[in-house]
Amino acid sequence: MMKICLILVLILPLITHALQTCEQCISSGNHYCADTKICNSPVCLNTITVALNCPHAPNATYDDHEARTKWLPLFGAGATNEKMAQKCFDNNWPTMKLSKRILVNCSDPSPILPTTQCAMITAVDTSQRILVLSFRATVGGTQMGEEILNYFVGKKQFFDVGMIFEFFYDAYVALWNGGLSAEIRNLKYKYPDYEVWVTGHSLGAALASVGASWIVKTGLFNPNNVKVFTAGQPRTGDYNYAMWHQNTFAYSFRVVHHHDIVPHVPFQYEVVDHDKMYHHRTEVWYNNDMSEGSPYQICPEADGLYCVNQQLDLSWNDHTHYFNTDLNVYGDQGCPKKN
Ligand SMILES: *[C@@H]1O[C@H](CO)[C@@H](O)[C@H](O)[C@H]1NC(C)=O
Ligand SMILES: *[C@@H]1O[C@H](CO)[C@@H](O)[C@H](O)[C@H]1NC(C)=O
């Protein structure tokens with residue numbers, strides 16, 4: 001009896017240490033093992049070193065059908081002119097009405113690069129009580145090249161919740177000052193209790209992340225009424241921004257197609273990387289062509305060496321094709337209805 005007691009006294013602290021939650025484990029300076037679910041597991045394939053990546057299921061349910069029938073036409077509408085944006089709605093979501101399109105110069109002042117433009121739309125569905133903000137992707141290679149140059153130029157403080165890339169910050173502020181601020185105040189006044197759906201692809205995805213965060217940080221909308229849905233999003237902010245975002249938005253999905261290169265940039269594991277940038281939750285990875293019925297993974301880590309981060313061969317073509325649709329032309333064609 002004495003012996004058993006003695007053994008218990010000796011091993012109990014080890015057991016309780018091993019059984020800590022991922023967050024407890026990391027905050028006490030240890031590493032959590034995702035495979036064994038043990039703190040400081042001696043054998044581990046998938047070690048988690050930051051709390052951002054502690055495995056969790058999303059707080060909301062991902063709906064592949066809704067992605068194809070609602071969010072996809074919203075990407076299309078955000079990427080085209082007024083006439084075709086409304087056509088995108090008429091073809092796919094007839095109760096949704098375009099409210100405003102905003103087009104501004106969004107490039108950094110630069111003597112060598114041409115001026116580029118950023119665009120977005122707002123829309124309202126009074127029957128389903130939904131407001132939409134949809135941000136346009138990059139247009140052509142110049143803007144993407146410019147973005148990539150600007151990735152390494154600078155970061156800006158985003159309210160009190162971390163840093164985001166200056167290019168995204170400035171582009172968002174250009175849209176805000178170019179009409180979005182007035183528009184959103186009008187919409188909020190007319191439809192104070194509507195849900196707000198914020199979305200975009202590529203550059204538009206980063207702007208959607210920033211935009212959703214902005215309307216919450218400025219107190220205009222309650223995060224419980226905001227849904228964020230992005231496709232092909234580049235890393236947008238730092239660890240603190242990512243952590244704040246995922247602690248704030250119960251509904252935020254970040255869809256990645258197969259080997260799309262853009263969610264990998266800027267690369268996280270660089271040698272010269274003073275303040276690492278991180279993705280926020282929840283990555284949904286389609287490791288296939290994303291045709292109707294394709295399987296997908298709901299990734300339990302925000303930005304670990306998991307899901308798409310395990311891919312080494314990267315593709316531009318996968319970046320422009322989401323849900324088996326060429327996003328370079330889909331909006332301008334009025335988002336033809338699938339099936
Ligand atoms: C946008 O940039 C173009 C080209 O540099 C310029 O001609 C135009 O005036 C600018 N528009 C605004 C609103 O600043
Ligand atoms: C998500 O769910 C967890 C567990 O119930 C909760 O602690 C957390 O606050 C929720 N996050 C959001 C953003 O609602």
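Eight strands make up an open sheet, ordered S4-S5-S6-S9-S10-S12-S14-S15, with mixed pairing. Strands here are DSSP runs of E with at least two residues, helices are runs of H or I with at least four, and both are numbered from the N terminus. Two strands count as paired if DSSP finds at least two bridges between them. At the edges stand strand S4 (97-105) and strand S15 (297-298), each pairing on one side only.

This is a predicted model, in which local features need pLDDT of at least 70 and side-chain atom pairs count only at pLDDT 80 or more, while totals for chains, interfaces and linings use all residues. Residues are numbered from 1 along each chain as its sequence is written, chains are lettered from A and ligands numbered from 1 in the order in which they are written, and side-chain values use heavy atoms, leaving out hydrogens and water.

Ala-231 has Val-255 of S12 as its bridge partner.

Now the helices on this sheet. Helix H6 (residues 166-190) packs on it, touching S4, S5 (117-125) and S6 (130-135); contact means heavy atoms within 4.5 Å. The direction of H6 makes about 155 degrees with that of S4. Axes are lines fitted to C-alpha atoms, for helices over the stretch in contact, and angles run from 0 to 180 degrees between N-to-C directions. Helix H7 (residues 203-217) lies across S5, S6, S9 (195-201) and S10, at about 155 degrees to S9.

There is also an open sheet of three strands, S2-S1-S3, with antiparallel pairing. S2 (38-39) and S3 (47-48) each have a single partner strand, so one side of each lacks a neighbour in the sheet. S1 (residues 32-33) pairs with S2 over two bridges, and Cys-33 has Ile-38 as its bridge partner in S2.

Next, ligand 2. Which residues are around ligand 2? They are Asn-59, Gln-246, Asn-247, Thr-248, Phe-249 and Ala-250, where near means a heavy atom within 4 Å. Taken alone, ligand 2 exposes 370 Å², and the protein buries 37% of that; areas come from the Shrake-Rupley method with a 1.4 Å probe.

Last, two backbone details in loops. Arg-281 and Thr-282 are joined by a cis peptide bond, with omega about -5 degrees; Thr-282 sits in the loop between S13 (277-278) and S14 (283-286). Cys-307, a residue other than glycine, has a positive phi near 45 degrees, and belongs to the loop between S15 and helix H9 (317-320).
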